[in-house]
Amino acid sequence: MVIKFDAIQIGDAIPAYTSAPITRTHLVRYAGASGDFNPLHHDEVFARAIGLSTVIAHGMYIMGIAGEAVTSWIENRCLRKFSVHFLSMTQPVNQDDFENTKDRAIITVTGKVVDKYEENGEKRIRCELVAKDAEGSRKLSGYFVAALG
Amino acid sequence: MADRSKLGLEFPLYSMPVEKIKIAEFIAAVEQKEDTRHIKDIYRDVDAAKKAGYENIPMPPSFPTHFVFWTGGGLQEIVNAVGADLSKLLHSDEEYEYYAPICAGDVITRKMKVVDMYERGKKERKGWYAQVTVLETQLINQRGELVLKARSTFVER
């Protein structure tokens, strides 16, 4: 589906996107894919040594999920700007206590259109984004700008 | 603690090809797929990508990070160069400006610089004080075109 500039109103919500519960294996996959091998994201011993109770997701992994929310709605070649601020840490689900820990590891990204304008000869929209876990804790806020036909 | 004298530091230039398999691996992680055959078509099938208007398989929006971590010494080189303490380092902001598509088959050169270093909050107020380091990265393709600018903010607590 192609999103048209004229069909969009300020205040429109973008479709919500929800991840699966993030596992430690997802974080290892992301580390290898991105090249970010900060041990904070896969080494429990290191995480505890710096005062955390367990490993945490890469902020950039949450940005990746937010990017997936964006490009599930618009083509990624329409993107002109994508900016995020990381708000809190995300712990992965514990496989031995799945039910009690999954909500902290499920990320839902929502957003809405906040502006429509012309710039550089293009019709552009600006959308605000927020990512929260299923406990309601905010992980990331930000925005993107996209050029639409 | 980050070394304030490193403000303005320019990292060496590094180049790398944009690999189709690396895009698939990255998007499989982000889409939480066990199998790269299950990722979105434009990220695994050149024909689907061309049909969607790309020259080749495109990069996902947050993929620029991989040009920083997979070139030079990656994270460790950055940490060493600015004198940061890895055990206190957190990523606080990331911003991309996209000027042209980056696709599989391109060769990307990254040009990175320390553009800002400052202190936030007061040292006496624990939990509020942080040293901030801002890196700007330009990605330039094989035709010499600036295709992306990234701004990455890190804090040390």
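Residues are numbered from 1 along each chain as its sequence is written, while chains are lettered from A, and ligands numbered from 1, in the order in which they are written. Because the model is predicted, local features need pLDDT of at least 70 and side-chain atom pairs count only at pLDDT 80 or more, whereas totals for chains, interfaces and linings use all residues.

**View 1. Overall build of chain A.** Chain A holds four helices and five strands, where helices (H or I, at least four residues) and strands (E, at least two) are DSSP runs numbered from the N terminus. Read from the N terminus on, these elements follow the order β-α-α-α-β-α-β-β-β. The C-alpha trace of chain A spans about 55 × 30 × 25 Å along its principal axes. Of the 149 residues in chain A, 38% are buried, a residue being buried if 20 or more other C-beta atoms, placed from the backbone, lie within 10 Å of its own, exposed if 12 or fewer, and partly exposed in between.

**View 2. The side of chain B that touches chain A.** Here 31 residues of chain B are in contact with 33 residues of chain A, contact meaning that the C-beta atoms of two residues, placed from the backbone, lie within 7 Å. The elements of chain B that give two or more residues to this side are helix H1 (20–30), helix H3 (65–69), helix H4 (74–82) and strand S2 (89–98), and S2(B) gives the most, with eight residues. The residues on this side of chain B divide into 16 nonpolar, nine polar and six charged; Ala, Val, Leu, Ile, Met, Phe, Trp, Tyr, Cys and Pro count as nonpolar, Asp, Glu, Lys and Arg as charged, and the others, Gly among them, as polar.

**View 3. Strand pairing around S2(B).** Strand S2 (residues 79–86) of chain A and S2(B) pair in the antiparallel sense over five bridges, two strands being paired if DSSP finds at least two bridges between them. In this pairing A:Val84 stands opposite B:Glu94, and B:Glu94 also has B:Ser152 in S5(B) as its bridge partner. S2(B) and strand S5 (residues 146–156) of chain B pair in the antiparallel sense over nine bridges.

**View 4. The hairpin of S4(B) and S5(B).** Strand S4 (residues 130–140) of chain B pairs with S5(B) in the antiparallel sense over 10 bridges, and the bridge partner of B:Glu136 in S5(B) is B:Arg151. Five residues lie between the strands of this hairpin, in which B:Gly144 takes a positive phi near 80 degrees.

**View 5. The two domains of chain B.** Domain 1 (4–18 + 59–156) and domain 2 (20–57) of chain B have bounds that come from an automatic or database domain assignment. Their C-alpha centres lie 25 Å apart, and eight residues of domain 1 are in contact with 10 residues of domain 2. On the side of domain 1 that touches domain 2, the residues divide into six nonpolar, two polar and no charged.

**View 6. The largest nonpolar core and A:Ile62.** The largest nonpolar core has 74 residues, such a core being a set of buried Ala, Val, Leu, Ile, Met, Phe, Trp, Tyr and Cys residues joined through C-beta atoms within 7 Å. The residues with the most contacts inside this core are A:Ile62, A:Ile65 and A:Ala66, and helix H3 (residues 59–71) of chain A gives the most to the core, with eight residues. Leaving aside its neighbours within four places in sequence, A:Ile62 is in contact with residues including A:Ala57, A:Thr90, A:Ile107 and A:Leu140.
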